[in-house]
Amino acid sequence: MIGGLFLYNHKGEVLISRIYRDDIGRNACDAFRVNVIHARQHVRSPVTNIARTSFFHTKRGNIWLCAVTKQNVNAVMVFEFLMKMIEVMQSYFGKINEENIKNNFVLIYELLDEVLDFGYPQKTDTGILKTFITQQGIKTQTKEETTQITSQVTGQIGWRREGIKYRRNELFLDVLESVNLLMSPQGQVLSAHVAGRVVMKSFLSGMPECKFGMNDKLVLDKGNKATDDLSKNSGKPSIAIDDCTFHQCVKLSKFESERSISFIPADGEFELMRYRTTKDISLPFRVIPLVRDIARSKMEVKVVVKSNFKPTLLAQKIEIRIPTPLNTSGVQVLCMKGKAKYKASENAIVWKMKRMAGMKESQISAEIELLPTAEKKKWSRPPISMNFEVPFAPSGLKVRYLKVFEPKLNYNDHDVIKWVRYIGKSGLYETRC
Amino acid sequence: MPTVSSRGDAMRGLAVFISDIRNCKSKEAESKRINKELANIRSKFKGDKTLDGYSKKKYVCKLLFIFLLGHDIDFGHMEAVNLLSSNKYTEKQIGYLFISVLVSSNSDLMKLIIQNIKNDISSPKPVHVNLALHCIANIGSAEMSEAFGQEVPKLLVSAHASESVKQSAALCLLRLIRTLPDAMTYAEWASRVIHLLNDQHMGVVTSAASLIHTLSQLSPGDYKGCVSLAVSRLSRIVTSTYTDLQDYTYYFVPAPWLSVKLLRLLQCYPVPEEPAVRGRLVECLETILNKCQEPPKSKKVQHSNSKNAVLFEAINLIIHIDSEPNLLVRACNQLGQFLQHRETNLRYLALESMCLLAGSEFSADAVKKHRETVINALKTERDVSVRQRAVDLLYAMCDKTNSEEIVAEMLAYLKKADYAIREEMVLKVAILSEKYASDYTWYVDTILQLIRVAGDYVSEEVWHRVIQIVINRDDAQGYAAKTVFENLQAPACHENMVKVGGYILGEFGNLIAGDERSSPLVQFNLLHSKFHLCTPSTRALLLSTYIKFINLFPEIKQTIQNVLQNDNQLRNADVELQQRALEYSQLSSITSQDVLATVLEEMPPFPERESSILAKLKKKKPASVQAIEKEEEKMKKSPPSIENHVNVPKEVPANTNSVDLLGLSTPPATPQQSTNSLLVDVFGSVDQPVAPKPESNISKSETAGSVDPEAAQNKSNLLFSRFLFKNSGVLFENNLIQVGVKCEFKEHTGRVGLFFGNKTGNQLQNFSASVSMGADLQGKVNIAPQKEAPTQIDGGAQVQHFVNLECITFFSGSPNLQLRYQHASTPQQVTLKLPVIINKFMEGTNMPAADFFNRWKQLGQPVQETQKIFQANHPIDTEAAKTKLTGFGMSVLINVDPNPDNLVGSGIVKTKTSQIGCLLRLEPNKEAKMYRLTVRSSVGEVAALLCTMLEEHF
């Protein structure tokens, strides 16, 4: 149970303070400021215990968000809530910064009243919140509207109101994935995993029932048992999902029994599911580093990047960051493609390419001049990191179908226009050198 | 001094950089900006470019700033060193600054830096010399002391160095001396340094005073001359008005720092002998005391602070002199005024100084006048540290007349005292009440009250001490038993109280048993009601008390035995409790009342020694005890108090069983030591004799089971010779068998216990052990085995064999022991000498010096004396020699020979037919490492034999 919630600016001044339970005093926000924000050492743990009070914090830009409790709460729940809160605030007033928070503090207090009750998280869904917390000032709602909102929010299907009508029934599915990798200099994968999300944007009339299918191994195997063991041989690859979570609209009982994902979607955009895979990841890029010490005051770095996907696809926003030693006094960079620059403020060479097709390779070489130092400290050689965006799902996830049934209204599955998009992004994509 | 901000030196880039950093919104932004700047500086410092002095200075400055922000800087040292050779002051200054902040003393650059400093030190410009001196002092490494240990003193005493240089040189030298006090020679420039005290410039004098203070601590002899100079300088300052020393007057006080330093310096030396100097010093001190009576010239706190600083230092000096009653009393009165001052610090200092004053015989009475105030301070003071000082002072001012009141006040205060000072207070109360007690009932009451009030803070030593004193004092015992009994009746009493109660009732419970209200059963039930609430160590003590009760009150024996035989005791998880319960219940049921009474006899009085409480207090607070030490010395002369009562020895028997009471706390050394040692004997047959391990080199020389007889013989000879001085140990050992010996001799009879241990896993068969005598012993010694020797020894087992001896007449040599046994079907034979030597039948005799010399003269015939002069085999150590002689059987006579190094002993060899007296004198010559040993005996042979036996062992 969250006892209170504080928002601080980068100086540690309190912007928002809301206390839900009596066991948290006003001095709790000072304790956090003194022990975490202004701490002598950088506090890396997201959970800090000060005087039997737990502080859960996260930072967005220059804003600190901190939830406080004296009880033994589920820490993951608290962080989930904090993330949701950030999402809600972003959807209400855009970027989270000091300026925006100061301008919207009435709204934020209103939201805080709604999302937490006596410290228990309530509705954090933006769509629902927006039905009764509006930015247009106080709009007198008619009695009907109020009863409708009440019945919806308290009813069985709280995430969708009745009587929605669209001329065009349309839905968009985005599969967003981020790839994380740590590779040894010899090209051995030390760790790799994909964190993915399926985001749906629906504009559908009535109360439609949807069914979502993908190439999950478990689901496929179950289906195949009934028919045949064809799929394994037929070349349709299936993926092994390590774990996943669903939006509240998904009927979990059905998933448990039939492994099918069926739901009545929320109106507008929502995150249908989140998942994680660790096996058979197709790594979009391979980084091959080559570091040589030429002389006492000189070293040479060569980095080759190979793209490893279909030649027809194009990767975008490619950025490679090559760390340089701390006593670098000058850098000469030579690259065929894109732009490369030594950024002294970050102690790294940053190489940027707008796009790159599949099955290509590209190279950069740099000569680094070093300044002799008083103490011979060995450079720790931090890994080379990379950022990119590719138009496929590196986990191999495929959407097989998404069927829509609306028995009451006269449109069926074929009338719905469906769009599917795959985006693979880099998470922490690093190669040791 | 040249200003930094002159045109062209402004370093705009630095200002911009600093303001950039200050404007950074977040930590990340700041570190980005710093990284950028560092990269910029690195590119500038790259080898291929030459930089002008200005930019070098600027970048070095930036690096310094970044370093001060907490980032590591590992370059730029070379550039900083380059700056040193610049001619501009500001550039040099920054270079020196960087070096003193950032260069570690073991850097490679140190040689270069030292060279640069050397150049600057010999520069004609005083500012450059100053910079160099500051740098030396700031680095202050051993290397620096070596490099400049000779140069800096030259600057200090040179005729044409400017004042500022002298000032810096003095402080620099001070720093170097502190780093490496041995590397310097002080004597050669001592007189010139001393004369710096006469310098015109006050700054030079101030810094010189600090230097001389340190130097005079290192070599007091060379700097003796500074006393008169310091006194005259002090008097000039003290008598001057505040307008005289323009720059060195601080809030109307003339040169307070210098005055304090001079006063400190004077405390390093004894009071000046010459009457003129002494008179002048006294005059100065009087003036300082007078000045305090004047109305303040300013209301500012700085004025009073500096004035008081001088005053307190002056009082310290007065205490140091300790021979001017007038001054001491005045100082005391002055401090008395401060006791009620508003300033907490002043009150603290006043109490602290008064503690010292209380130790002086002249001012002790003056201090005592303030008793009321101090007690009041204890009650009302808000600051805990001041209260602590008040306690110290009360402790210091306590004497016979006021002890009861002070102890009562301290006890009252103890109830609400801070936890931090409670333990110390308890110790102090305990010491005071013991030292000044005129009557034991008061003492016992006080300590018991102490335990009641602050039981947790009463350390072991305190209650041990009560018991010691009660046991040593017959007249206090009854009262103690009664009071303890009353105190124990409280529903909740502290464990320490139970301990004291348990011990005292166990010893003296009979004294109050006559009263119906404290009949034996009541006493026992009272103690036993506390039993279950106590820790094991206390329970152990209570069990001992119970067995004592059985002895004291046979009528409740049954009740107590029931308790002892209860499973709670007999099967207690604590081994100590279990053992005690078992042994005590056996002791009480098996033995007769007589044995019980002997075992549980009343504890003998404790030998007197330094109070363990005082020792503990000393360990805690070495400083504060000094005052009381002085008191102590005085006390020794003054009329008797408890300690002196106790000091009168009540014929303490030399009973080794009189246990160190401090051992009480650890269960094994119980008050029942006497019981225990008896128990050991009772179970003696069960007890395995613990033979000490032989030296390893000996066992190494052993080979297989078949022993080289010669080697074995040598070894057993060596082992044998050790038995000259002791009665038990290992006689022989090879890798098959170990032979241990334990002998007991009484007059002309003895019993030798032989312990044969089989070290192998197999049985030794056909074992036989026989004692035989050579022809020379026939008829002189009778030997009778108690039983037949065993015929076999199982693997790993030990068997024993006892032999009785009787010495008929004087003999030399010793009987043989023949061992035969079969191992791995090979027969083995070993012949050993039994450690039965003539000296075993010798008993030491004590006699006064006159008797000794009388007898010595009686045995004056040449036949009766044997004298040998020989080289010492061991380092000459009187104590060790004493132990050896005692082990040999002689008793060492003390205070007979006027030379304490010489040892004199006497003993009587007792045989069945005759008694032969022996006298011995051992004179070491430490230079030549020689001894002269003279033995006289009524039988000449005995003297010769003893002399040869002892010769090789010194």
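**Salt bridges**

Tutor: The side chains of B:D199 and B:K166 are joined by a salt bridge, at 3.9 Å from N to O; the term means that a side-chain nitrogen of Lys or Arg lies within 4 Å of a carboxyl oxygen of Asp or Glu. This pair links distant parts of the chain, 33 residues apart: B:D199 belongs to the loop between α11 (190-194) and α12 (202-218) of chain B, and B:K166 to helix α10 (residues 163-179) of chain B. Helices here are DSSP runs of H or I with at least four residues, and strands are runs of E with at least two, numbered from the N terminus.

The model is a predicted one, in which local features need pLDDT of at least 70 and side-chain atom pairs count only at pLDDT 80 or more, while totals for chains, interfaces and linings use all residues. Residues are numbered from 1 along each chain as its sequence is written, chains are lettered from A and ligands numbered from 1 in the order in which they are written, and side-chain values use heavy atoms, without hydrogens and water.

Both partners of the pair above are covered. B:D199 counts as buried because its relative accessibility is 15%, and B:K166 is buried with a relative accessible area of 13%. Buried means under 20% relative accessible area, exposed over 50%, and partly exposed in between, with a 1.4 Å probe and protein chains only.

A second salt bridge in chain B, between B:E424 and B:K428, has an N to O distance of 2.8 Å. These two residues are four apart in helix α23 (residues 419-436) of chain B, so about one helical turn separates them. An α-helix has 3.6 residues a turn, so residues three or four places apart point the same way. Both B:E424 and B:K428 are buried.

Elsewhere, salt bridges with shared partners connect A:E80, A:R197, A:E271 and A:R274 in one network. A:R274 is partly exposed, since its relative accessible area is 32%.

How many salt bridges does the structure hold over all chains? The total is 43.
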